[in-house]
Amino acid sequence: MPKITFPANFEVLDEIRDLVAQTAYEGGFTEKAIYSLQLAADEAASNIIEHAYEGVTNAAIEMTCEMRGDVIFITMHDTGRSFDPSKVKQPDIHADLSNRQIGGLGIYLMRKLMDEVSYESNSITGNKLTMTKRRG
Amino acid sequence: MEITTQEFKHCDLFKVKGRVDSATAPDFSSALEKANNDGHYKIVIDMSELEYMSSAGFRALLASQRNCKHLGRGELVLVSVPKRIQEALELAGFTELFKTFDNTVAAVGSF
């Protein structure tokens, strides 16, 4: 699977969503599932750009997106600050307006929309996020 | 993303088209903040031509709703929310924070 390197800025989110949609469409996912996959990939890339690469210029995200059987695998690799989604507190989605948290929502959505979200951090090689979802 | 605004006697109508993500959400936020800064706190968001919205857009809606509802001076309501966006809002628990309407006439008339 070829790796595609995107500059780490929000302008690439359109391309990232297009890549995921194309792979998922060819993989036979429903329109509803394709939207979910696009949203999860967008939230993942947005978090890398906003948090892992906060204050960093000329950074890059290396991405792969492929079908293996009936499962889509989306990976994103960055060399920014490590940011483990599993350690982010889940937002209370039933809190009232004044107590509703602004942060943590993207990761919450990634977990809800995908079957599995895993994160590996290595001080030399960087951070790798892997998300998978099986075709229904 | 493209935003058009229309002022009515009792509320402002915002039509947001295209995609709201981390790249475009700041412009969406700015438009809502400008209305609030002008003293307008009764806001209708027409989503009928919105194709996509990520959590960056949800956060903009949340911040504006807080500002609009502060001191009971107004409210932000949603109109014609596309199915996929509605599902994502439900997943995030946002549907209980916003009244939604099927058409702009009903939404504008609610103020």
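Where in chain A does A:Leu13 sit? Its place is helix α1, residues 13–26. Here are my notes on the rest.

1. Ground rules. This is a predicted model, in which local features need pLDDT of at least 70, side-chain atom pairs count only at pLDDT 80 or more, and totals for chains, interfaces and linings use all residues. Residues are numbered from 1 along each chain as its sequence is written, chains are lettered from A and ligands numbered from 1 in the order in which they are written, and side-chain values use heavy atoms, with hydrogens and water left out.

2. Chain A overall. There are three helices and five strands here, in the order β-α-α-β-β-α-β-β along the sequence. The radius of gyration is 15 Å, close to the 14 Å that the globule rule gives for 136 residues, so chain A is as compact as a globular protein of that length. Helices (H or I, at least four residues) and strands (E, at least two) are DSSP runs, numbered from the N terminus. The radius is taken over C-alpha atoms, and the rule is 2.2 Å times the number of residues to the power 0.38.

3. Chain B overall. This one has four helices and six strands, running β-β-α-β-β-α-β-α-β-α from the N terminus. A compact globule of 111 residues would have a radius of gyration near 13 Å, and chain B agrees with its 12 Å. Its C-alpha trace spans about 30 × 25 × 25 Å along the principal axes.

4. Back to A:Leu13. With 0% relative accessibility, A:Leu13 counts as buried (buried is under 20% relative accessible area, exposed over 50%, partly exposed in between, with a 1.4 Å probe and protein chains only). Beyond its neighbours within four places in sequence, A:Leu13 touches A:Asp42, A:Ala45 and A:Ser46 as well as B:Asp21, B:Ser22 and B:Ala23 (contact means heavy atoms within 4.5 Å). A:Asp42 is 29 residues away along the chain, yet the two C-alpha atoms are separated by 6.1 Å.

5. Just after the helix, A:Gly28 takes a positive phi of about 85°.

6. Helix α3 of chain A. Seven of the nine residues of this helix (105–113) are buried, so it is largely enclosed by the rest of the structure. The buried ones are A:Leu105, A:Gly106, A:Ile107, A:Tyr108, A:Leu109, A:Met110 and A:Leu113. Covering them are, among others, α2, β4 (116–122) and β5 (126–134) of chain A, together with α2 and α3 (83–91) of chain B.

7. The view from chain B. B:Ser55 lies in helix α2 (residues 55–69) of chain B and is buried, with a relative accessible area of 1%. Setting aside neighbours within four places in sequence, B:Ser55 is in contact with A:Glu43, A:Leu105, A:Gly106 and A:Leu109.

8. Burial by chain. In chain A, 49% of the 136 residues count as buried. For chain B, the figure is 49% of 111 residues.
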